[in-house]
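This report is an introduction for a reader new to the structure shown below. Please keep the structure in view while reading.

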Amino acid sequence: MALNIFKKVSTRFRISLGLSSMLVSLVLFAALLGLVPDRNAAIRDGRALFAESVAVNSSIFITTSDIRRMDTILQVLVDRNEDLLSAAVRHADGRLMTVIGEHQRLWQDSGENTSRDGQIIVPIYEGQQQWGQVELSFEPLLPNQWYGWIYHPVVMLMAFLSIAGFILYYLYMGKMLKQLDPSQAIPDRVRSALDTMAEGLLVIDAKQNIVLANQAFSNIPSVNPDKLIGLQVSRFGWLNQENEKLDREQAPWTRTLDDAVVRTAEVVRLAIGENETRTFMLNCSPVLTGSGKPAGALISFDDITELEKKEIELRLSRDEAEQANRFKSEFLANMSHEIRTPMNAILGFAEVLKRGYDRNSKDSIRYLNTISSSGNHLLGLINDILDLSKVEAGRIEIEKVQTPVHTIIQEVIQIMRVKADEKQISLEYQADGPLPATIETDAAKLRQIITNLVGNAIKFTDRGGIVVTSRFESSVTGPMVHISVRDSGIGMTEQQALAVFNPFTQADSSITRRFGGTGLGLTISKSFAEAMGGDIRVVSKEGEGSDFQVTVPAGNIGSVGLLSVEEIMSMDWAEQTDTAVRWKFTEATALVVDDGEENRDLLKVVMSDAGVQVFTAENGQQALDFLAQQTVDVVLMDVQMPVMDGLTAAGIMRERYPHLPVIALTADAMSGVQQQCLSAGYSDYLSKPVDIDLLMERLGNYLTGSRVDAGQMIDDKLQDNVGWVADAAQEEKIHSSLPVHKEQFRRIVEKFIERMHGQVEVIGSAWRDRDYDRLKKLGHWLKGSSGSVGFQQLMRAGSDLEQYAIDRNDEKLESTIEQIGAFVGQMEVAPGTETRQRQSAKAQSIQKDYAIPDKVLCRLPVTSPRLRPIIERFLEQLDDWLGQIDAELEREDCEHIHKFAQWLKASGGSVGFDAFTEPAKDLANHCQEEELDDIRYTIGVIKTLSSRIDIDKE
């Protein structure tokens, strides 16, 4: 190991160390030969002579018994000699006759009566007999410890010569080797310039020894450039692009030395340590001799490690973006299929009812049940979309529940029959043998599979029809249900049938142009079927139709009975889905807590109708104050409210009234909100807009009540609702979906509309102040309140306002606030029959005194670059209408004037000129009754209002 370390040091160091070692060895040898003076020996000889002279003098004083004078002399000797620490005269019997200094402490009696470096003994004679001895204690020449030899003059001399010699030799060799180092042929200024280069640089000789390395290259292995001189370039851990060890013969510099060809843009890697690898773009040029042969090579290294990492990251980012885009497309296509299907049923049957195609009350009930079922299905889809945790690309979650397959098939056929009837083709269901009453599977995904297949069949069938059949059988793998969707459409070739389940694939481009679609429906259906443990196959013949066959496991049906074909086919789906239920509660009280007045009013109407006495509060603090004075049977409380929110209030209620049921009502349908409410102290949870049937069902769990027969109630409501739908369809304004023909609901809607005009100003003020927190709260209130009173457009706008306020998206906020203002201008209570009659009578009796302001201002922000062109276009159209109206009056063309009134009634409020709404409405009524005098009067009012329009005022 020592040898390896020695090899790693520089040549200069090794030479200097060798020379200094030689010098030390010579000094040591000279010392052994006695050629080096011994300083300590000279000192010992001097101390011996000094002691002899003291002993002679002491003998004289002893002979004359003059001990006192001997003390004086010894004292003078000790004071004048720094090395002499103490002195004493000891009698032969051991008695100390004279003591100078701390002799007793310093003197160490070895028992041998011999002298040492620090202690000298000289005998004193009286005649021929020894009288005693003189003892002198000197400073030791060497320390008494084990390391005392270090202070020996010879050792110190060798240490000095070795250190000083090494330093002098090292400096000297640096100068001398500089003349011998081939790299030093390059001037210092050139070397300095090379060291400033960002690229690593190596110069190697013909044997691939390094003769020059700049600072940039030496930084890579973290080695001093001088220590690289003479090393083989191949000793580094070079790798190829596949991270395999680079063969010496394949190295770029080896090939350059062989053929004297310049090589550029070669990529090599260098392993540094165990965990780091650097990548270099390498250029290699030969250094030629006079004969044209390469005497070496110049190699430059450009570090592209970070660039390579960025390239890998970009590649991964691109792959992730493409994958995310693919998942997004699949998700949007899936949602498009799911949302459009129930929307088709809702709009289709609403159109049927509006046009009066229902022949009797039973048909109407069936159509309304279809609308209700499709609406609930659509609401479920929206809840799934809002629950972001479920939107995970590439993951299909299967929820197995007991599912009546025949009912799902019948519901899908009922929904899709509208489309089939439009194309004048048949759509039928046939049970091919007995079927379990329920099977264990995912009902939602099975419904979507059947819906996709039936919708696909209708799309590609222009004549004949579609037959859906079901069949049950037991197989080796377990009980299975087979569903077949067979059509008489255009069919497919064998090759087209093989590719029909691929994403975005249809039979050919002409199919896409003719029928449209994304080509994802069958892909999604097959994925669902496989996730459920089944499959989908297709048998098709071009020009004769296709037969899509779905197979799904029935699961555990051990305790489930089989339905016969007759039982399945005799079931009336409309009657099965007629779930209208009415509740009646006795001696029940409830507290409704909501900051939205409309929500409180709606719940009060619905619950009072069921016999519940309802009290109200606007926030959690008011609710607690009320409960402190009066008890109730149940509390229905919003979550987000001012002063005190529902979560805080629910926690306090749970502490004070542990047995009081508290039901959460919230417009927040995100995943986790329900658990948050229950953890805070709520007993139950309902989302807004409130499902009335579900609300009554939940109240039935906490209050004393019972269901009552709702048959007659359905017929009564049906007639009222159908009439209201027909009336509302004729209006061009935005109307509530509540039955406003009933006075109690009408008052709720009127109060909400009145409040909304004020809320528009509040929203505008918050927007001008950029008060995002306030905008968020206003959006949350609007989302819950507008949905409760039947204004779905405002509910969606309120949801957008809340989200954009959270995101602080100014552009979207401005657009949404403008949209809310336009909606509020279009809001109107759809008049009932009695109200319309009262308006007609009033129009016949008197001419109104309208409040005409000095200036007619626009409610919307006229400076908005988006709204300004719309407002100006409205004013141009208004001028055109008024320019032609006099001629229409002369011709008494009430029909044309009525069109103008309808246009003005719809457009005036939409663009913020609410002053025109009432005169336009009256003008429309006058035109229907052909009351020419009132028509002329009202047109005069409208002209006056038009002349006073001012859109330049802020």
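## Basis of the description

The model is predicted: local features need pLDDT of at least 70, side-chain atom pairs count only at pLDDT 80 or more, and totals for chains, interfaces and linings use all residues. Residues are numbered from 1 along each chain as its sequence is written, and side-chain values use heavy atoms, with hydrogens and water left out.

Helices (H or I, at least four residues) and strands (E, at least two) are DSSP runs, numbered from the N terminus. Two strands are said to pair if DSSP finds at least two bridges between them.

## The antiparallel sheet

Six strands, in the order E6-E5-E10-E9-E8-E7, make up an open sheet with antiparallel pairing. Strand E6 (210-213) and strand E7 are at the edges with a single partner strand each, so one side of each is left without a neighbour in the sheet.

Strand E7 (residues 238-239) pairs with strand E8 (residues 263-272) in the antiparallel sense over 2 bridges. Here tryptophan 238 has leucine 270 of E8 as its bridge partner, and leucine 239 is opposite arginine 269 in E8. E8 is also joined to strand E9 (residues 276-288) by 8 bridges, and these strands run antiparallel; valine 267 stands opposite methionine 281 in E9. The hairpin of E8 and E9 has 3 residues between the strands, and glycine 273 in this hairpin takes a positive phi near 70 degrees.

## The parallel sheet

A second open sheet contains 5 strands in the order E22-E21-E23-E24-E25, and its pairing is parallel. Its edge strands, each pairing on one side only, are strand E22 (612-617) and strand E25 (684-687). From one strand to the next, the twist averages 20 degrees. Axes are lines fitted to C-alpha atoms, for helices over the stretch in contact, and angles run from 0 to 180 degrees between N-to-C directions.

Within this sheet, strand E21 (residues 588-593) runs parallel to E23 and is joined to E23 by 4 bridges. Valine 593 has methionine 637 in E23 as its bridge partner.

## Helix H22 and its surroundings

In helix H22 (residues 646-656), the residues Gly646, Ala649, Ala650 and Met653 are buried (under 20% relative accessible area, with exposed over 50% and partly exposed in between; 1.4 Å probe, protein chains only). Seen down the axis of H22, these buried residues fall within an arc of 100 degrees, so they line one face of the helix; the arc is that of the directions from the helix axis to the C-beta atoms.

The buried residues of H22 pack against helix H21 (620-627), strand E23 (634-638), strand E24 (662-666) and helix H23 (673-680), where contact means heavy atoms within 4.5 Å. At the start of H22, a side-chain oxygen of aspartate 645 comes to within 3.0 Å of the backbone nitrogen of leucine 647.

## Buried residues and cysteines

Serine 946 belongs to helix H34 (residues 932-947) and counts as buried at 15% relative accessibility. Apart from its neighbours within four places in sequence, serine 946 is in contact with Leu878, Asp879, Leu882 and Phe916.

The whole structure has 0 disulfides (a disulfide is a pair of cysteine sulfur atoms within 2.5 Å). Cysteine 927 is in no disulfide, and the nearest cysteine sulfur, that of cysteine 894, is 5.5 Å away. Cysteine 927 is buried, with a relative accessible area of 5%, and cysteine 284 counts as buried at 0% relative accessibility.

Note on methods
Polar contact = N/O pair within 3.5 Å; in protein donor to acceptor, adjacent residues only side chain to side chain.
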